[in-house]
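Colleague: Could you take me through how such a model is read, one feature at a time?

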Amino acid sequence: MPGVSVRALSFGTVAAAYERFRPGYPAELFDLVVRYAAQPVRSALEIGAGTGKATRLFAERGVAVTATEPDAAMLAELRKHVPATVSTVRAAFEDLRPGRRYDLVFAAAALHWTNPVGRWPRVAGLLRPGGVFASFGGPFQLTDPAVEASVRAARAPFLSSDEIPSPDGTPPEAAMQWPGTELQQSPWFTDVQQHVIERRLAMRAADYVGHLSTLSAYLQLPAAVREQAYGRIEQVLPRTVELRADTIVHLARRTAVD
């Protein structure tokens, strides 16, 4: 499709695994967004909805969500799991046309796939003045340093890293992370905030490998190499792994002037 990278469209091949192995989002996230908005959030547009992990968090609490997703397989999986009130649109963010304006525009672990050229004017054009933009997500990190080192060594022949670096080069130790860094520089937005919702998870080793199978870094590998990497990693894992799965949330308010 126009306006979307090949890597961003790689998830459709693992849509069912994505739904099975990626966790949903905590209720605290909805509460945080609504509290920040400080006014009713009745309508929302979601960028890169995937299988609807975040879609259902908002839709099940009465928000009229329009979920956009460029990958047909991911969108088909989403439709199996979200309330009938959700409207779906197969489109990349860059292909959306101005028209209706929403109380909220949000992206769940998807904003980094969008084109940086014109990103913020495009988001602003989808929000009513005073509306809220929210971006959230975060990597899974093994909490046991020894297990993490073993996984890193097992992965090394195939991938140096399976994480996505900051799109604007912000170092991980910086107080404000991307996309907050860009939002702070945008004339379209104000009151930029960053929050962290702490979360710890435990899962079986096989499920952890299942989660890895939904990461784009592995999906770019040839199928045979990919399976070899999964096998090597699973061999060094204990029966159960513990993970830090913090949700990093960025919030900003659309300026009141067009």
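The dialogue below turns to a sheet, a helix pair and a single residue.

Modeller: This is a predicted model, in which local features need pLDDT of at least 70 and side-chain atom pairs count only at pLDDT 80 or more, while totals for chains, interfaces and linings use all residues. Residues are numbered from 1 along each chain as its sequence is written, and side-chain values use heavy atoms, with hydrogens and water left out.

Colleague: What is the strand order in the open sheet of three strands?

Modeller: Two strands pair if DSSP finds at least two bridges between them, and helices (H or I, at least four residues) and strands (E, at least two) are DSSP runs, numbered from the N terminus. Here the order is β6-β9-β8, with antiparallel pairing, and the edge strands, β6 (141–142) and β8 (200–204), each pair on one side only. Five bridges join β8 to β9 (residues 240–244), and methionine 203 has valine 241 in β9 as its bridge partner.

Colleague: How do the axes of α8 and α10 cross?

Modeller: Two packed helices are described by the angle between their axes and the distance between the axes. Axes are lines fitted to C-alpha atoms, for helices over the stretch in contact, with angles from 0 to 180 degrees between N-to-C directions. The axes of α8 and α10 (residues 223–235) come within 10 Å and cross at roughly 145°.

Colleague: Is glutamate 19 buried or exposed?

Modeller: Buried means under 20% relative accessible area, exposed over 50%, and partly exposed in between (1.4 Å probe, protein chains only). Glutamate 19, which lies in helix α1 (residues 15–21), counts as buried because its relative accessibility is 12%.
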